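Visitor: I would like to learn how to read a helix and the sheet beside it. Please take me through one case.

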Amino acid sequence: MPPATEPIVEFIGARKRYGETEALKGIDLTVRAGEVLALLGPNGAGKTTSISLMLGLRRPTAGQVRLFGLAPTDRRARSRCGVMLQESGVAGTLTVRETVDLFRTYYPAPLAAERAIAMAGLEAVSERRVAALSGGQRQRLYFALAVCGDPHVLFLDEPTVGMDVESRRAFLQSMQVLAQAGKTIVFTTHYLPEAEELAQRIVVIDRGLVIADATPQDLKARVPAKRVTFSTPHPLPAAALAGLAGASMEVSDRRVRLLTNDPESLLRELFRRGVAIGDLEVVGADLEEAFLTLTRPPAAP
Amino acid sequence: MMARLEMPTAPLGRMLAEQIRSQVLIRWRIPAFSLTNLALPIIFFTFFGLPLVNQTLPDGTNLGAVILASFAAYAVGSIMVFSFGIGVATERAMRVDVLIRATPLPPGIYILAKVVTALLFALVSLVILIAYGIVVGGIRQDPSVWISMIARLLAGSLPFIGLGFAIGYLTGPNAAPAVANLIYLPLAFASGYFLPLNQLPAFIRRVAPYLPTYHYAQLAWSAVGRRSEPLLTSLLWVAGYSILFLAIAVWAYQRDETSKFV
């Protein structure tokens, strides 16, 4: 294991309540320099609230959140952070370059504007006004604004939402370059292959609690690792599959999908029940499936 | 810890300068807004003031200069109420404030840049209006009179900055122009900007001496020699309304902040 680097973000028993709703129910989490961490969870799990606390946009109801050992609102801490938020904007009347130049003045040692614009792949539209950008271009502009200050750490909330395939690929490449350059990156995403591809560490949040904190590989090992798929000659009666030791199951017409850690026993039981099985497939489950079994309530026995 | 002390931040002066520069650019590129604000006082003066420029009041002041002073006060107040009212409401709707909050730009610098930009714009508006009065209306005053009027109106514009911010934080982008008009236009009319007070209904004449616009205009009227209350009285009223409107603006800002950021 590599030696522990400087802590960048620290959550110490952080809770956040909005009126009656408790969005975060006590989070302990440390993000260290150089880590690329994905925050994963279903909608309303608390991902955006977590990012807001890290940035000092919101204050924890209880517990503590520190950024570079300081209060997240401290300008010294913020001067080392680049930020991409959901549902936030910039004035439409300035051009891409003017907006990047303006944001560069907020940081002590910014990148050249051309560099930030190139990293976001916006060279062709750099003289265009922000209001005239497409949704995907606008999202790339926010990425340019996040990196233009040459920050130590990047916070990206659902960064690829609204990007087309091309934009997303270019964006993921830029992220990889930044990760290799030793930047700390914290991002949330709904695109699980993205988390798998980019992150060294995945923190799964559900209903305000961290329910998993592991590498993509470990996360896979912790949850039903195999997917068993087969066809049956006739639609199966519900009783035929009742009580099987699988974490989740999906039956569509004559195709059955089961997630399990022990495919051998599962198949033995199916044979014992006399279920006719054809076109059998046993493969490793992907992260998306692993993730779904973690966040869904366990299937009734 | 040493490392923390060494964490650098960007210079605030440069941040402010660049922030002002981009605010000026933004204003320049929305001519519908800027031109309206520059043109309306000139149009009003043309209708209400030009026919009377040669009349002299019993106290010896030139009526044209007094009416010009009225519309100068109108211009600055309207620039403040409308640019902050509509500007802040629009930015809140676009959630520009959310992204800004997450950057190292201090909110104070952001607001100060907006105020400085509005003051610059008001200065331009006053210079154009006064030049129009001199060239087209033939109004003659010592240059020091104009300079004093400009300085008083800019320095005294604080209540309208507060009122603008309050409207911006309490309304949305659709309601802001209507609310700003509904508050500002009656205030301006009732304070004798368009018609002299003695031509207004009696109850308005009774209310006028309690309005912020009335005492604000006194700053301009007394600069051109028309004095109906001591300067200190005008200043105290303007200061009082500054405190009131800024308090409402701060309350509205905190209310907005609580819903968005707490």
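Visitor: How many residues does helix α5 of chain A have, and how far does α5(A) reach from its first C-alpha to its last?

Guide: A note before that. This is a predicted model: local features need pLDDT of at least 70, side-chain atom pairs count only at pLDDT 80 or more, and totals for chains, interfaces and linings use all residues. Residues are numbered from 1 along each chain as its sequence is written, while chains are lettered from A and ligands numbered from 1 in the order in which they are written.

Guide: Helices (H or I, at least four residues) and strands (E, at least two) are DSSP runs, numbered from the N terminus. Helix α5(A), residues 135-147, has 13 residues and reaches 19 Å. That is close to the 18 Å expected at 1.5 Å a residue (1.5 Å times one less than the number of residues).

Visitor: Is α5(A) mostly covered or mostly open?

Guide: Buried means 20 or more other C-beta atoms within 10 Å of a residue's own, with C-beta atoms placed from the backbone. Ten of the 13 residues of α5(A) are buried. Among them are Leu141(A), Tyr142(A) and Phe143(A).

Visitor: Which strands form the sheet, and in what order?

Guide: Strands of a sheet pair through backbone hydrogen bonds, either parallel or antiparallel. Here pairing needs at least two DSSP bridges between two strands. In chain A, six strands form an open, mixed sheet: β5-β6-β7-β3-β8-β9. Its edge strands are β5(A) and β9(A), each pairing on one side only.

Visitor: In which sense do β5(A) and β6(A) pair?

Guide: Parallel, over four bridges. Gly82(A) stands opposite Leu154(A) in β6(A).

Technical notes
A residue is buried if 20 or more other C-beta atoms lie within 10 Å of its own, exposed if 12 or fewer, and partly exposed in between; C-beta atoms are placed from the backbone.
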